[in-house]
Amino acid sequence: MVLAAVVGAHGIAGEVRLKVFAEDLGAHRVLNGGALTVKSVRPGNNGAIVRFAEVSSRDAAEALRGTQLWVSRDSLPPLEEGEYYHADLIGLAAVSDTDEPLGSVVAVENFGAGDVIEIERPTGKRFMVPMRADAVPEWNSERLVVASAFIEA
């Protein structure tokens with residue numbers, strides 16, 4: 001599961017700036033299958049500043065730009081009722097609350113007011129739905145149900 005992405009170098013000692021997709025990046029010390037070991041994490045503008053044991057120069061940090069940082073699924077904490085990982089929603093079949101096929105979930109975004117799912121219809125047209133109980137009354141590992149009032153034609 002992708003937790004963050006490197007957006008650039010920070011300073012001259014090899015730290016990197018991250019765009020973070022997880023609630024608690026600091027809970028993970030080994031990333032990318034053991035390729036990167038986190039030495040320190042601190043808040044940064046719009047993300048975090050991280051020092052990796054394997055990166056000791058600005059050039060090495062800059063070379064990581066665009067790298068996604070991930071952990072294996074089994075290293076993540078178990079989910080509580082009603083919680084989900086974004087990766088679990090992407091690719092799900094989307095249906096209406098009357099069982100009409102709508103397409104599939106292609107993205108989960110958060111613009112500050114909560115998660116929003118993006119659904120792509122078979123025609124290629126996309127629409128967005130807030131990921132809250134009145135709009136998405138149910139989902140499981142096979143499908144996501146969208147309330148009719150939130151479906152765009």
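In β10, R126 is the bridge partner of E120, and that pair is a handy way into this model (strands are DSSP E runs of at least two residues and helices H or I runs of at least four, numbered from the N terminus). The structure is predicted, so to speak for itself only in part: local features need pLDDT of at least 70, side-chain atom pairs count only at pLDDT 80 or more, and totals for chains, interfaces and linings use all residues.

- Strands β9 (residues 115–120) and β10 run antiparallel, joined by 5 bridges; two strands count as paired if DSSP finds at least two bridges between them.
- The hairpin has 5 residues between its strands, and G124 takes a positive phi near 100 degrees there.

**The two faces of β10**

- Side chains in a regular strand alternate between the two faces of the sheet.
- β10 spans residues 126–130, with F127 and V129 on its covered face.
- On the uncovered face of β10 sit R126, M128 and P130.

- Most residues other than glycine have a negative phi.
- You'll find N32 in the loop between β3 (30–31) and β4 (36–44).
- N32 is buried at 14% relative accessible area (buried is under 20%, exposed over 50%, partly exposed in between, with a 1.4 Å probe and protein chains only).
- D99 also has a positive phi, near 70 degrees, and isn't a glycine.
- D99 counts as exposed, at 52% relative accessibility.

Key
Residues are numbered from 1 along each chain as its sequence is written. Side-chain values use heavy atoms; hydrogens and water are left out.
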